Protein chains: 2
Amino acid sequence: MPGETAHENAHGATEAPPTPGTRRPGGRTARTRAAVRDAVLAGLTEHGYPGLTVEYVAAHSGVHKTTLYRRWKDVEGLVADALDLAGEDSWVPPDTGSLEGDLRALAREVVASFTDPAVAASGSAMIAAAFQSERAAVALRHYYAERFARCEVIVERAVERGELPVPTGAAPDSAKGTPPRAVSGTVPGSVLDAGALVRSVSAPLFFRLFITREPVDDALADQAVAVTLAAARAGAFTTGGTAGASRDAAP
Amino acid sequence: MPGETAHENAHGATEAPPTPGTRRPGGRTARTRAAVRDAVLAGLTEHGYPGLTVEYVAAHSGVHKTTLYRRWKDVEGLVADALDLAGEDSWVPPDTGSLEGDLRALAREVVASFTDPAVAASGSAMIAAAFQSERAAVALRHYYAERFARCEVIVERAVERGELPVPTGAAPDSAKGTPPRAVSGTVPGSVLDAGALVRSVSAPLFFRLFITREPVDDALADQAVAVTLAAARAGAFTTGGTAGASRDAAP
């Protein structure tokens, strides 16, 4: 598909190509929507949200202006739908067989997508648009909520493999006679915050890309993984019990 | 000073008020610069970077347009100087007597400033401007680089107090007979990455505020502290040796 990189989402995954021979009733509508989305991304990349117009999208998608106004209403609607569509892809998180491998693959995907100029441009244009449009901000929130919900399976698999302390049972380390400080998330009522754990490998990367404006690379991705793993094993993502910072009071 | 909150930087610290009776040669220039900065922040907050004009800054600062063009050249120059000025404050990082206390105070400052609408508006306007102006992005990078450099003293004090494994010597835990995995940053040539450690408490907060657009609160701040502390004690911020993710391979 031409311009495939422009379809990549913020994690660098591409949409699944349509299965050959399938022709659902929504086929033409879906193609129109994708063409409009491509034009929106191109416009955001070229001019930013403030410079994006329905006229630009019409000219670059081949979809008539009146159709755009009828289906998407305005520029905000166009941007929000482009994000909604990005969230409808078939991306699945890495499944390497270990928590460390999965988190590393995830972190390196973020670095790879934001160091690829074509992908980085549309991804950062979406993040920028959220500063100027409340509807874009809501769409971005939904996009990432759904994306990170998909990632939580990484944590579930790690718990099943015994790689992480389980909040409701005995933790692997206790068998080795080490003191219980690494497993103090095992109090009744405590919960492993899988959402926070998977966000933790992305946060330092996005923070440097878009807040402190520092370069990111695979070494930083690996550091984010090491930090997240060490914290996860120490029970720092366990909430609702006595775990957390207070447990880790300075000696 | 009227509008003091507008002077607060992204960490929520305010500029030191001028010492009474001091009247340096630059006094009037400094006041002009501060008035211009206030007008720039007000304009960014009200209209965003794309809507900010030299005319707006002139009208809201009381400084003549020709003076603005002469000293700041254009809107980009005005925004960059507002950030430079924000970085010239007398903010110092918290000094509570423990690493955990310092990091918690730091994380909570971020939450407090971005949940205070007045401070949040100017802070996020600066972050937004960096998406649209390369000079604003450079100024933002300098601002945060300098801000986090100030924070590194938190880590230095923690090392002096023996709260963290020291990359070049024995770590506190080794005295207790625990296996050396928590101190494997102690290989020759390894370095404790204080900059990454202090960024680690802010990253999950900024990530949710400006990327995933999720709410932040003190509980999230405390989780960021717990994660950072656990990782720091496990040597995950130690670089250049054999420490890091590979050491923490899944069992």
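1. Contact here means heavy atoms within 4.5 Å. By that rule, the contact between the two chains takes 53 residues from chain B and 53 residues from chain A. The model is a predicted one, in which local features need pLDDT of at least 70 and side-chain atom pairs count only at pLDDT 80 or more, while totals for chains, interfaces and linings use all residues. Residues are numbered from 1 along each chain as its sequence is written, chains are lettered from A and ligands numbered from 1 in the order in which they are written, and side-chain values use heavy atoms, with hydrogens and water left out.

2. The pLDDT is the predictor's confidence in each residue, from 0 to 100. Chain A averages 82, and 76% of the residues score at least 70. Over residues 1–23 of chain A the pLDDT is below 50, although this stretch has 45 contacts in the model beyond near neighbours in sequence. Residues 242–251 of chain A also stay under 50, with 32 contacts beyond four places in sequence.

3. Helices (H or I, at least four residues) and strands (E, at least two) are DSSP runs, numbered from the N terminus.

4. How are the two chains related? A rotation of 180° with 0.0 Å of shift along its axis superposes chain B on chain A, with an RMSD of 0.0 Å. The two copies are thus related as by a two-fold rotation axis. The same surface serves both copies, since 100% of the contact residues of chain B recur in chain A. The superposition is by least squares on the C-alpha atoms of residues with pLDDT of at least 70 in both copies.

5. The area buried between chain B and chain A is about 4400 Å², and carbon and sulfur atoms give 65% of it. Buried area is the accessible area (1.4 Å probe) that two parts lose on being put together, summed over both. Phe131(B), Ile211(B) and Arg213(B) supply 17% of the area that chain B buries against chain A, more than any other three residues.

6. Two salt bridges are found across the interface of chain B and chain A, a salt bridge being a side-chain nitrogen of Lys or Arg within 4 Å of a carboxyl oxygen of Asp or Glu. Glu214(A) and Arg199(B) form a salt bridge with an N to O distance of 2.9 Å. On the side of chain B that touches chain A, helices H5 (99–115), H6 (117–132), H7 (134–160), H8 (194–210) and H9 (218–233) of chain B each supply at least two residues. The largest share of that side, 10 residues, comes from H8(B).

7. Over all chains, the structure holds 32 salt bridges. In one of them, Asp95(A) pairs with Arg157(A), the closest N and O atoms being 3.3 Å apart. This pair links distant parts of the chain, 62 residues apart: Asp95(A) is in the loop between H4 and helix H5 of chain A, and Arg157(A) is in helix H7 of chain A. Buried means under 20% relative accessible area, exposed over 50%, and partly exposed in between (1.4 Å probe, protein chains only). Asp95(A) is exposed at 53%, whereas Arg157(A) is buried at 16%.

8. Asp222(A) and Arg104(A) also meet in a salt bridge, at 3.3 Å from N to O. Asp222(A) lies in helix H9 of chain A and Arg104(A) in helix H5 of chain A, so the pair ties together parts that are 118 residues apart in sequence. Asp222(A) is buried, with a relative accessible area of 19%, and Arg104(A) is partly exposed at 24%.

9. Lys73(A), although not a glycine, has a positive phi near 70°. Lys73(A) is in the loop between helix H3 (65–72) and helix H4 (75–86) of chain A, and is exposed at 60% relative accessibility. Arg213(A), also a residue other than glycine, has a positive phi of about 55°. Arg213(A) is in the loop between helix H8 (194–210) and helix H9 (218–233) of chain A, and is buried at 15% relative accessibility.
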